[in-house]
Amino acid sequence: MPGAFLHPFAKPSRERFPSITHGKGSLVWDHTGHEMIDAMASLWYCQIGHGRGDMADAIAGQIRQIEAYSCFDPFTNGPADELAEKIASLTPMPDARVFFANSGSEAIDSAMKLARLTQVLDGQPERRLIISRVRGYHGTNYGGTSAQGLPLNKEGYGTLLDDVVQVPADDIEALSMLMAEHSNRVAAVLTEPVQGAAGVYPPNEGYLDEARRLCDQHGALLIFDEVITGFGRLGTWFAADHFDVVPDLTAFAKGVTSGYMPLGGVIVGQRVSEALESDRDFILRHGYTYSGHPTASAAGLKNIEILEKNNLLKAASGMGYRLERGLRAIADDGGVDHVRGVGAVFAVGLRDDQNAVHLRDAMIEAGVITRAIGTDTITYCPPFVTTDEQIDTIVDVLAEAVG
């Protein structure tokens, strides 16, 4: 009989799950004592590795002062203010501000609301249309579900948001034609710079530049979903740096605390902040109970400090290069069909005669955790502290599994 815990993205009828009990660096152990290399950073997020005492101390130290307090008017707290300033200093978006949420799903819904609100405040309430891409994964709240380009994740939830549509993932001409057709109705274009949860799809060359140009041409906002790519995954603080394209809004989560505390948010660019600030009596009637949670903010500050002091963005680039080289060697030998990825996030596309779930299970048994996407893709997103030896083991275990 299934237990009381209803697991996310799992069969509700499943009765047993391996229980992860502890971790250190890029290693985790289950309840049987089985040691595994975490080649997925749990779920795309544990940049600094597991079991860090310095993170535990920072979190405990904040809790001893004040664990949490509302940031609704008229209050604030030091860690939230400091983290907002720090994130604003890291983004390529000039004069940015930061809105805090608790997850990537909340961040996406917040970005969508802010985009529509900006158009209203700019005197264009008819601009409600939000365009996203097929294969996009934008969380599981109603806004993000509406914007998803993964049809199975939308089934069974009834009527979703109006005026949210998808275009083919790699077809910039389709985006251009839709925006031209609805030029006076488009509020925003929402995209992952690298589509992650669908199976790691980097953008076609020039796609993001052209999306930026089209948004400027048609008066729309450009929203980057950097829930996976933010905080170093591509060897830069944000994918916006890597691709040299500056959005109007950036949704973030995951890597901002490396998962040590739940935290997400939206980096707000000048066009949006100017609209919000234009009427001094305007009240932003949006927020969450834990927006600006001081303990989560303390975790974010410590996480960024660790990334900076240990030069982990550079380490991520080196790790990604070694991983890519190993995976491509397997593909060149015919062990898998192909490899996709950039920075320190990669996917292996499988042959028709291979099954991702079967391979994932075999690799877990062999001591490496990966993620199966459908039946044809295996993904990799290791912590930045993963050693060369561990990367080589990750590659060897895949070679053995497909062999």
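Predicted model: local features only at pLDDT ≥ 70, side-chain atom pairs only at ≥ 80, totals over all residues.

Trainee: OK, where is Asp-244, then?

Mentor: Asp-244 is in the loop between helix H8 (239-243) and S9. Its phi is positive, about 55 degrees, although Asp-244 is not a glycine.

Trainee: Is Asp-244 buried or exposed?

Mentor: Asp-244 counts as exposed because its relative accessibility is 64%, and the cut-off for exposed is over 50%.

Trainee: What about Ser-42, what's its phi?

Mentor: Ser-42 also isn't a glycine, and its phi is positive at about 70 degrees. Ser-42 is in helix H1, residues 41-44. With 34% relative accessibility, Ser-42 counts as partly exposed.

Trainee: Switching to sheets. What is the strand order in the open sheet of seven strands?

Mentor: The order is S4-S10-S9-S8-S7-S5-S6, and the pairing is mixed. S4 and strand S6 (164-167) are the edge strands, each pairing on one side only. From one strand to the next, the twist averages 20 degrees.

Trainee: What does pairing involve, in general?

Mentor: Strands of a sheet pair through backbone hydrogen bonds, and they do so either parallel or antiparallel.

Trainee: In which sense do S7 and S8 pair?

Mentor: S7 and S8 pair in the parallel sense, over four bridges. Leu-190 stands opposite Ile-223 in S8.

Trainee: Which strands does helix H6 touch?

Mentor: Helix H6 (residues 172-181) packs on the sheet and touches strand S5 (129-133), S6 and S7. The direction of H6 makes about 145 degrees with that of S6. H7 packs on the sheet as well, touching S5, S7 and S8, and its direction makes about 145 degrees with that of S8.

Trainee: Back to S10. How many of its residues are buried?

Mentor: Five of the five residues of strand S10 (residues 264-268) are buried, so S10 is largely enclosed by the rest of the structure.

Trainee: And which way do the residues of S10 point?

Mentor: Gly-264, Val-266 and Val-268 point one way, while Gly-265 and Ile-267 point the other way. As a rule, side chains in a regular strand alternate between the two faces of the sheet.

Trainee: Which strands pair with S10?

Mentor: Strand S4 (residues 97-101) pairs with S10 in the antiparallel sense over five bridges. There, Ala-101 stands opposite Gly-264. Strand S9 (residues 249-252) and S10 are also antiparallel, with four bridges. Ala-251 has Val-266 in S10 as its bridge partner.

Trainee: Which residues of helix H9 are buried?

Mentor: In helix H9 (residues 270-277), the buried residues are Val-272, Ser-273, Ala-275 and Leu-276. They lie on the same side of H9, because they cover an arc of only 160 degrees around the axis.

Trainee: What covers the buried residues of H9?

Mentor: The cover includes S4, helix H4 (104-121), strand S8 (221-225), S9 and S10.

Trainee: New topic, that Gln-195. Where does Gln-195 lie?

Mentor: Gln-195 lies in the loop between strand S7 (186-191) and helix H7 (207-218). Gln-195 is buried, since its relative accessible area is 1%.

Trainee: What does the side chain of Gln-195 have 3.0 Å from one of its polar atoms?

Mentor: The backbone oxygen of Val-134 lies 3.0 Å from a polar atom of that side chain. Leaving aside neighbours within four places in sequence, Gln-195 is in contact with Arg-133, Val-134, Arg-135, Gly-136, Ala-169, Val-200 and Tyr-201.

Trainee: How many disulfides are there in the whole structure?

Mentor: A search of the whole structure finds zero disulfides. As for individual cysteines, Cys-71 counts as partly exposed at 22% relative accessibility, whereas Cys-215 counts as buried at 0%.

Trainee: Last one. Which peptide bond is cis, with omega near 20 degrees?

Mentor: That is the bond from Asp-73 to Pro-74. Pro-74 is in the loop between helix H2 (53-65) and helix H3 (78-90).

Methods. Residues numbered from 1 in each chain as written. Heavy atoms only, no water. Helix = DSSP H or I, 4+ residues; strand = E, 2+ residues; numbered from the N terminus. Buried < 20%, exposed > 50% of the residue type's maximum accessible area, 1.4 Å probe, protein only. Polar contact = N/O pair within 3.5 Å; in protein donor to acceptor, adjacent residues only side chain to side chain. Contact = heavy atoms within 4.5 Å. Pairing = 2+ DSSP bridges. Arc of directions from axis to C-beta. Disulfide = S-S within 2.5 Å. Axes fitted to C-alpha atoms, helices over the stretch in contact; angles between N-to-C directions.
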